[in-house]
Amino acid sequence: MDRYMIVSPHNAEDCDKAVREVHAAGYLHHFEWGCKDEDHTGYAILEAEGHEHAKQIVPWWLRDRAHVSRLVKFGKSAKEHPHEKSA
Ligand SMILES: [Zn+2]
């Protein structure tokens, strides 16, 4: 399993609905929300099987606007550097 970051925006009037549905899906403890700072977006970093699986965690009516990124950590050695060829 890889780690994915989910960034899922919603409209101000949909806060309750978005939070309720993420809760109903069992993922509320993974999410943090920008709503109290006028940023109506849910943020989560969690393990998933792939992009599609990660996106399934977002309520269906928000999926088109959600952004999912697979996360990796880069170490200090040259071969782990993102732009180095590991030849
Ligand atoms: Zn909100």
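**Figure 1. Burial across the chain.** Of the 87 residues of the chain, 18% count as buried (20 or more other C-beta atoms within 10 Å of the residue's own, with C-beta atoms placed from the backbone). This is a predicted model, in which local features need pLDDT of at least 70 and side-chain atom pairs count only at pLDDT 80 or more, while totals for chains, interfaces and linings use all residues. Residues are numbered from 1 along each chain as its sequence is written.

**Figure 2. Strands 1 and 3 side by side.** Look for the 8 bridges that join strand 1 (residues 2–9) to the antiparallel strand 3 (residues 41–48).

**Figure 3. The largest nonpolar core.** This core has 11 residues in all, including Y4, I6, A18, F31 and L62; such a core is a set of buried Ala, Val, Leu, Ile, Met, Phe, Trp, Tyr and Cys residues joined through C-beta atoms within 7 Å. Strand 1 and helix 1 (15–24) each give two or more residues to this core; helices are DSSP H or I runs of at least four residues.

**Figure 4. Around A18.** Leaving aside neighbours within four places in sequence, A18 is in contact with H10, G42, P59 and L62 (contact means C-beta atoms, placed from the backbone, within 7 Å).

Note on methods
Two strands pair if DSSP finds at least two bridges between them. A residue is buried if 20 or more other C-beta atoms lie within 10 Å of its own, exposed if 12 or fewer, and partly exposed in between; C-beta atoms are placed from the backbone. Two residues are in contact if their C-beta atoms, placed from the backbone, lie within 7 Å.
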